[in-house]
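Biologist: I'm new to this one and would like to learn how to read it. Could you walk me through it?

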Amino acid sequence: MDVDGPLNPFQARWFRHSPRHGYAVYQLTPAGGMTYRVVLNPAHGRDLDELSNAFDLAWATTWQHDANRLISPLLGLPDDLPVVPLRMPAHHVGRWCWKTDQIADWVGDRPFAWFDDEINRATRDRLAYAPGMGEHLALRIEPHIGLRPTDIERLRVFANGLAA
């Protein structure tokens, strides 16, 4: 799971003003000491918690372990979710999301669903041709909209297809 974009729709027109219904504004300070305005919807936590029956939830975000400390409690999620150890590359070559190879290495051949605002066609292609990659869903979430019920449904459908 990514935070900024999907769960914190930082590009939404309403982000700097009054939050959309269901969202609440927080001032969060991750390690490093800079405080950020974050807008979260607790309903996302309930939806994700329900999906945890089919998926092992994990953070794939630059918030790293701060996602467990700061984001999880606000969404009602466990505060000990696994965290994909992402490293910002000094230099990235390619049109795919910079997280792609690190997430692929972390999941290995396990089936997985990943939602992020940086997923694009090149990201999906890179995953599709990665050797030994398990069945997966790379779901782009628009950062000006955030996670929607239709996205949750796509995740459910994917999970149900794995169980079949």
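Biologist: Leaving aside its neighbours within four places in sequence, which residues is glutamine 102 in contact with?

Modeller: First, a word on the source: this is a predicted model, where local features need pLDDT of at least 70 and side-chain atom pairs count only at pLDDT 80 or more, while totals for chains, interfaces and linings use all residues. Residues are numbered from 1 along each chain as its sequence is written, and side-chain values use heavy atoms, with hydrogens and water left out. Contact means heavy atoms within 4.5 Å. By that rule, glutamine 102 is in contact with Val84, Pro85, Leu86 and Arg87, once neighbours within four places in sequence are set aside.

Biologist: Where is the place of glutamine 102, and is glutamine 102 buried or exposed?

Modeller: Glutamine 102 sits in helix 3, residues 100-107. Helices here are DSSP runs (H or I, at least four residues), as are strands (E, at least two), numbered from the N terminus. Buried means under 20% relative accessible area, exposed over 50%, and partly exposed in between, using a 1.4 Å probe and protein chains only. Glutamine 102 has 13%, so it is buried.

Biologist: How do I read the sides of a helix? Which residues of helix 4 are buried?

Modeller: An α-helix has 3.6 residues a turn, so residues three or four places apart point the same way. In helix 4 (residues 121-128), the buried ones are Ala122, Thr123 and Leu127. They fall within an arc of 135° seen down the axis, so they line one face of helix 4. The arc is that of the directions from the helix axis to the C-beta atoms. On the other side of helix 4, Arg121 and Ala128 are exposed.

Biologist: What covers the buried residues of helix 4?

Modeller: The cover includes helix 3, strand 3 and strand 4 (136-140). At the N-terminal end of helix 4 there is a cap, asparagine 120, with a side-chain oxygen 3.1 Å from the backbone nitrogen of alanine 122. A polar contact is a pair of N or O atoms within 3.5 Å; within protein, one must be able to donate a hydrogen and the other to accept it, and residues adjacent in sequence count only if both atoms are side-chain atoms.

Biologist: Which residue caps the N-terminal end of helix 1?

Modeller: That's asparagine 41, with a side-chain oxygen 2.9 Å from the backbone nitrogen of alanine 43. Within helix 1 (residues 42-51), His44, Gly45, Leu48 and Leu51 are buried. Their arc is only 120° around the axis, which puts them on the same side of helix 1. They pack against helix 2 (66-75), strand 3 (112-116) and helix 5 (149-163).

Biologist: At what angle do helix 1 and helix 5 pack?

Modeller: Two packed helices are described by the angle between their axes and the distance between the axes. For helix 1 and helix 5 the angle is about 5°, and the axes are 11 Å apart. Axes are lines fitted to C-alpha atoms, for helices over the stretch in contact, and angles run from 0 to 180 degrees between N-to-C directions. Helix 1 and helix 5 are therefore roughly parallel to each other; angles under 35 degrees count as roughly parallel, over 145 as roughly antiparallel, 65 to 115 as roughly perpendicular and the rest as oblique.

Biologist: Which residues does leucine 155 touch?

Modeller: Not counting residues up to four places away in sequence, leucine 155 touches Leu51, Phe55, Ala113, Phe115, Leu137 and Leu139. Leucine 155 is in helix 5 and is buried, at 3% relative accessible area.
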